[in-house]
Amino acid sequence: MGVFELRYPTRSIFGRGVFERLGEEAAAFGKKALLVTGRRAMKEAGTLDKAVELMRDNGVEVAVFSEVEPEPSTETVDRAVRLIREEGCQLVVGLGGGSAIDVAKAAACLAVHEGSTSEYLAGERKIEREGLPFIAIPTTAGTGAESTNNSVLIDKSRGIKKSIRSPLMLAKLSIVDPLLTVTMPPRVTAASGMDALTQAIESYVSLASNPVSDALAIRAIGYISRYLPKAYENGGDLEAREMVMLGSFMTGLSFSNASLGAVHGLAHPIGAHFGIPHGVACAILLPHVMRFNLGVRREKYAEIAAAMGAEPKAEKAVEKVEELLETLNIPKGLSHFGVKKEDLEKVVRDAGGRSLSNNPRPASEEDLLNILLEAL
């Protein structure tokens with residue numbers, strides 16, 4: 001078993017309607033907040049206005065930063081940091097999907113550090129102290145970003161997508177309300193849910209997994225695989241929304257302590273180069289990476305198959321994933337997004353990092369290229 005460490009947010013509140021507690025919780029951290037969110041979804045759903053109202057009703061002034069793009073960049077974090085300093089904000093609230101939460105997380109930390117976000121992403125500077133208090137409020141059931149100590153960003157000037165990572169970046173509070181996911185359209189439900197399932201599967205078979213992360217991951221696999229099709233078919237199914245959200249939350253707790261694998265090692269450069277939604281890229285790659293890993297994790301893949309309701313055989317896990325992709329109408333290959341065979345070498349060249357190093361089977365550049373060819 002060896003030695004392992006566990007790191008989680010200071011507090012997490014889960015359940016239907018807990019979003020209503022935002023104002024009183026935020027007031028405990030300061031009198032002025034920067035609310036970080038995306039460009040449209042939260043405004044159109046009315047969730048942004050409600051968040052502002054909840055905080056103002058509890059004596060917290062709010063500045064809004066609604067410039068987060070689907071694949072957030074270091075420049076976006078730099079702009080959020082400037083606004084924090086200009087407005088004198090004492091806390092940061094991230095409201096939205098993983099992109100909004102990652103920007104808020106990074107901005108809260110870097111607001112008390114010198115230098116640009118790009119320098120931290122490149123490893124040229126190190127995070128040395130805790131940032132401003134940070135509250136994470138996910139509105140998609142997928143990334144688990146409310147539970148993690150990293151922020152995934154693109155540096156456009158360097159052409160890289162990777163993470164800034166530090167235990168000092170963990171949220172002071174996560175407010176996880178399944179009711180906030182009801183407005184997600186089916187395609188977002190599918191993509192975010194497959195991101196969560198991929199994270200659960202990869203953390204379960206990771207070289208860095210541990211008994212606690214395994215317990216969270218295997219239960220999350222069961223919840224997500226069972227309830228995601230129901231949430232996809234009927235967005236108003238509150239039980240399905242709640243169970244997928246719970247699975248996503250548990251997945252974040254798992255992979256933040258156990259790392260991921262080759263799917264994420266490849267999905268990050270794919271997102272950086274081609275702009276394919278992260279959850280969709282993960283979904284397309286997942287069965288191919290699973291087949292590559294089967295020989296070294298047969299027992300665990302058999303357990304995954306059982307958790308997904310199939311016969312406990314390793315190959316059945318891959319079959320269940322492929323059935324799920326069909327049900328969710330996920331595109332069958334990367335070529336659907338214009339990726340060509342000649343593009344794959346640059347993806348392999350840029351693949352790497354912690355995720356790839358913890359894949360249960362070592363993968364050479366030739367192995368990665370073959371996986372991408374199968375996924376094309």
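A: Contact here means heavy atoms within 4.5 Å. Keep in mind that this is a predicted model.

Q: With that cut-off, which residues is Asp177 in contact with, leaving aside its neighbours within four places in sequence?
A: The list is Gly15, Arg16, Gly17, Val18, Phe19 and Met245. Asp177 itself sits in the loop between strand S8 (173-176) and helix H7 (186-205).

Q: How far from Asp177 is the nearest side chain of opposite charge?
A: A salt bridge needs a side-chain nitrogen of Lys or Arg within 4 Å of a carboxyl oxygen of Asp or Glu. For Asp177, the nearest side chain of opposite charge is Arg16, 7.4 Å away. Asp177 is buried and has no salt bridge.

Q: Which backbone nitrogens lie by a polar atom of the Asp177 side chain?
A: Look for N or O atoms within 3.5 Å. The backbone nitrogen of Val18 is 3.1 Å from a polar atom of the Asp177 side chain. For the backbone nitrogen of Leu179, the distance is 2.9 Å.

Q: Now Ser73. Is it buried or exposed?
A: Buried means under 20% relative accessible area. Ser73 has 2% relative accessibility, so it counts as buried. Its place is the loop between strand S3 (61-68) and helix H4 (74-87).

Q: Which side chains make polar contacts with the side chain of Ser73?
A: Glu69 is one partner, at 3.1 Å. Thr76 is another, at 3.0 Å. Leaving aside neighbours within four places in sequence, Ser73 is also in contact with Leu153, Ile154 and Lys156.

Q: How many salt bridges does the structure hold?
A: The structure holds 23. Let us take some of them in turn.

Q: What are the partners in the salt bridge of Glu130, and how far apart are the closest N and O atoms?
A: Glu130 pairs with Lys172, and the closest N and O atoms are 3.4 Å apart. Glu130 is in the loop between helix H6 (117-121) and strand S5 (134-138), and Lys172 is in the loop between strand S7 (160-165) and S8, so the pair ties together parts 42 residues apart in sequence. Then check accessibility. Glu130 is partly exposed, at 46% relative accessible area. Lys172 is partly exposed too, at 26%.

Q: What is the accessibility of each partner in the salt bridge of Asp155 and Arg158?
A: The two side chains meet at 3.1 Å, N to O. Asp155 is buried, with a relative accessible area of 1%. Arg158 is partly exposed, at 37% relative accessibility.

Q: Where do Arg298 and Glu315 lie?
A: First, the bond itself: their side chains meet in a salt bridge of 2.7 Å, N to O. Arg298 lies in helix H12 (residues 298-307) and Glu315 in helix H13 (residues 314-327), so this pair ties together parts that are 17 residues apart in sequence. Arg298 is partly exposed, at 40% relative accessible area. Glu315 is partly exposed as well, at 36% relative accessibility.

Q: Which residues do salt bridges with shared partners join into one network?
A: They are Arg11, Arg21 and Glu25.

Q: Last, a helix. What should helix H5 span, and how far apart are its end C-alpha atoms?
A: The expected span is 1.5 Å times one less than the number of residues. Helix H5 (residues 98-110) has 13 residues, so it should span 18 Å. Its end C-alpha atoms are 18 Å apart, which agrees.

Q: How many residues of H5 are buried?
A: The count is 13 of the 13, so H5 is largely enclosed by the rest of the structure.

Key. Residues numbered from 1 in each chain as written. Predicted model: local features only at pLDDT ≥ 70, side-chain atom pairs only at ≥ 80, totals over all residues. Heavy atoms only, no water. Helix = DSSP H or I, 4+ residues; strand = E, 2+ residues; numbered from the N terminus. Buried < 20%, exposed > 50% of the residue type's maximum accessible area, 1.4 Å probe, protein only. Polar contact = N/O pair within 3.5 Å; in protein donor to acceptor, adjacent residues only side chain to side chain. Lys, Arg positive; Asp, Glu negative; His and termini not counted.
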